[in-house]
Amino acid sequence: MSTQTPIPPLRERAAWAALSDHFAEVSTRHLRELFDADATRGERLVAEGAGLFLDYSKNRVTEETIALLLALAEQSGLAERTAAMFAGERINVSEDRAVLHVALRMPQGTTLIVDGRDVVAEVHEVRHRMAALADRIRAGEWLGHTDRPIRNVVNIGIGGSDLGPVMAYEALRHYSARELTMRFVSNVDATDFVEATRDLDPAETMFIVSSKTFTTLETMTNARSARDWSLAALGDESAIAKHFVAVSTNAEKVAEFGIDTANMFGFWEWVGGRYSMDSAIGLSTMIAIGPENFDDMLAGFHAMDEHFRDTPLQRNLPALLGLLAVWYGDFFGAQTVGVMPYEQYLKRFPAYLQQLTMESNGKHVTLQGRHVDYQTGAIFWGEPGTNGQHSFYQLIHQGTKLIPVDLIGFGRSRNPLGDHHDLLMSNVFAQAEALAFGKTEAEVRAEGTAEAVVPHRVMEGNRPTNVILCEELTPYALGTLVALYEHSVFTQGVIWDIDSFDQWGVELGKALAQRIIPELESATEPELAHDSSTNALIRRYRAMRA
């Protein structure tokens with residue numbers, strides 16, 4: 001268990017009380033007023049680190065707000081909890097586990113001893129084996145059962161075993177080997193598997209089955225279908241060893257499936273699924289972009305890790321983002337956060353963040369098991385710009401809900417074409433400006449607007465945004481961005497005194513599904529003992545299927 005010093009309940013911390021009093025004053029102030037009163041605000045309320053630049057000046061905060069939030073972080077033991085995580089203490093209290101995704105990106109030669117083992121050395125041993133496999137496939141040297149090179153790679157996983165790899169592949173497609181076809185299957189809905197493999201040749205296809213226990217229902221259902229699909233064309237059981245590899249720790253189950261355990265890549269209980277894209281779960285990413293680019297991505301992760309661990313809180317990007325999230329969720333009552341990357345390659349980044357943030361901080365009890373009496377994790381969502389501007393931005397601008405927004409932009413495009421990128425980035429800055437300052441009645445009237453239409457064209461503004469800028473979307477930059485949000489999530493969890501690294505809510509539905517499956521498949525009418533609604537739905541489904 002963690003040895004951290006006990007922290008007073010959130011509402012008993014002095015900074016929380018001070019923030020509550022401060023909120024009554026600052027919540028009525030408009031961003032127009034705050035900027036008018038401080039000509040240098042936009043130059044001072046910024047932070048920079050690991051290649052990322054954060055402008056948080058368009059938030060509904062003053063310097064006093066930030067000072068109080070920083071005090072709250074200190075009184076919540078953020079520095080102590082951070083040190084405990086990096087040292088390998090068991091801060092995942094409900095599972096009595098260390099939380100060491102940061103070890104996955106520590107440079108070779110670094111030493112971190114946990115339970116008598118050098119975990120960094122173990123990480124690099126697995127990574128060297130991953131690189132050897134990736135190089136063979138990329139060079140056309142890995143031959144399938146019919147001696148044809150592998151040209152298609154299908155990753156089968158779910159949750160963190162899917163969202164991370166598919167997000168990273170889409171984000172870094174510019175760097176990918178275009179002669180390889182990469183596909184991803186996660187949903188137990190058969191359509192996902194069928195459409196992913198419809199145009200592939202089994203003789204040139206490799207499947208990566210990603211399941212730590214090799215028992216995950218969705219993953220293994222799809223894996224068995226992949227096995228049947230391969231054998232229908234290749235005909236020989238021995239072909240499985242040449243067309244399947246595993247990311248797992250269950251050697252017995254992997255061997256039973258027909259996969260050579262020499263091609264099994266393990267990871268550790270201290271790697272949570274949503275924090276695993278830089279472990280062996282990232283094998284498909286490494287195959288797509290190559291080991292050197294994968295290493296660059298890990299270097300970006302590590303740079304942000306060091307920034308978070310070593311930088312004073314007032315200049316610490318993840319800490320500032322996390323504290324602002326607490327400010328809006330617990331004082332303004334904001335229930336959602338929008339993340340809008342103005343970069344098409346990051347189209348799956350919001351979906352990735354949904355699991356990272358909501359599975360981590362969707363908790364209703366403290367580390368000590370007491371029910372919280374304050375809001376915890378927000379709902380994360382988003383789409384790449386400028387698409388969102390023509391759909392849901394209307395609600396952000398003129399709706400009745402307060403939605404803090406992160407706008408992510410880049411100084412250069414990976415695909416320069418005419419003035420496209422300048423047009424794209426102009427929208428980043430314009431949206432941040434419009435959300436902050438809006439348009440007053442006087443400004444609308446000055447445009448000659450008919451009086452009856454004036455109320456409809458007023459934009460109240462005072463909508464908060466963070467603007468995050470980076471020079472270019474590279475593997476390194478992707479690593480820094482993901483780690484930025486990982487540590488922001490951790491910061492929020494520390495303030496709320498919750499366990500950001502378990503996910504018991506996910507397990508309940510899985511357990512109930514296992515109970516219901518035989519009731520759906522039974523040849524005879526089963527005896528049902530659920531609630532009346534569930535019983536009726538099962539009977540309805542059985543009738544429809546028949």
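Student: Which way do T205, F207 and V209 point from β7, and are they buried or exposed?

Tutor: T205, F207 and V209 point one way from β7, M206, I208 and S210 point the other way, and all are buried. In a regular strand, side chains alternate between the two faces of the sheet. Before we go on: this is a predicted model, where local features need pLDDT of at least 70, side-chain atom pairs count only at pLDDT 80 or more, and totals for chains, interfaces and linings use all residues. Residues are numbered from 1 along each chain as its sequence is written, and side-chain values use heavy atoms, with hydrogens and water left out.

Student: What makes a residue such as A84 "buried"?

Tutor: Buried means under 20% relative accessible area, exposed means over 50%, and partly exposed is in between (1.4 Å probe, protein chains only). A84 has a relative accessible area of 4%, so A84 is buried. You'll find A84 in helix α5 (residues 78-87). Helices here are DSSP runs of H or I with at least four residues, and strands are E runs of at least two, numbered from the N terminus.

Student: What makes a "negative surface patch" out of D135, E141, E292, D295 and D296?

Tutor: Patches take residues with over 30% relative accessible area and no salt bridge, and like charges are joined within 9 Å (for nonpolar side chains, Val, Leu, Ile, Met, Phe, Trp and Tyr, it's within 5 Å). Asp and Glu count as negative, Lys and Arg as positive, while His and the chain ends are not counted. D135, E141, E292, D295 and D296 form such a patch. Helix α13 (residues 291-310) gives the largest share, three residues.

Student: How do you know that β5 and β7 are paired?

Tutor: Two strands pair if DSSP finds at least two bridges between them. Five bridges join β5 to β7, and they run parallel.

Student: What is the order of the strands in the open sheet, and why do β6 and β9 count as edges?

Tutor: The order is β6-β5-β7-β8-β9, five strands with parallel pairing. β6 (181-185) and β9 (264-265) each have a single partner strand, so one side of each is left without a neighbour in the sheet.

Student: Why is the contact of R412 and E471 called a salt bridge?

Tutor: The rule wants a side-chain nitrogen of Lys or Arg within 4 Å of a carboxyl oxygen of Asp or Glu. The closest N and O atoms of R412 and E471 are 3.5 Å apart, so the pair passes the 4 Å rule. R412 is in the loop between β12 (405-410) and α17 (420-437) and E471 in the loop between β13 (465-470) and α20 (475-496), so the pair ties together parts 59 residues apart in sequence. R412, at 41% relative accessibility, counts as partly exposed, while E471, at 54%, counts as exposed.

Student: How many salt bridges does that rule give?

Tutor: The count comes to 34. Among them is R148 with E204, the closest N and O atoms being 3.2 Å apart.

Key. Areas by Shrake-Rupley, 256 points an atom, 1.4 Å probe, with all protein chains shown as cover. Charge placed at Lys NZ, Arg CZ, Asp CG, Glu CD.
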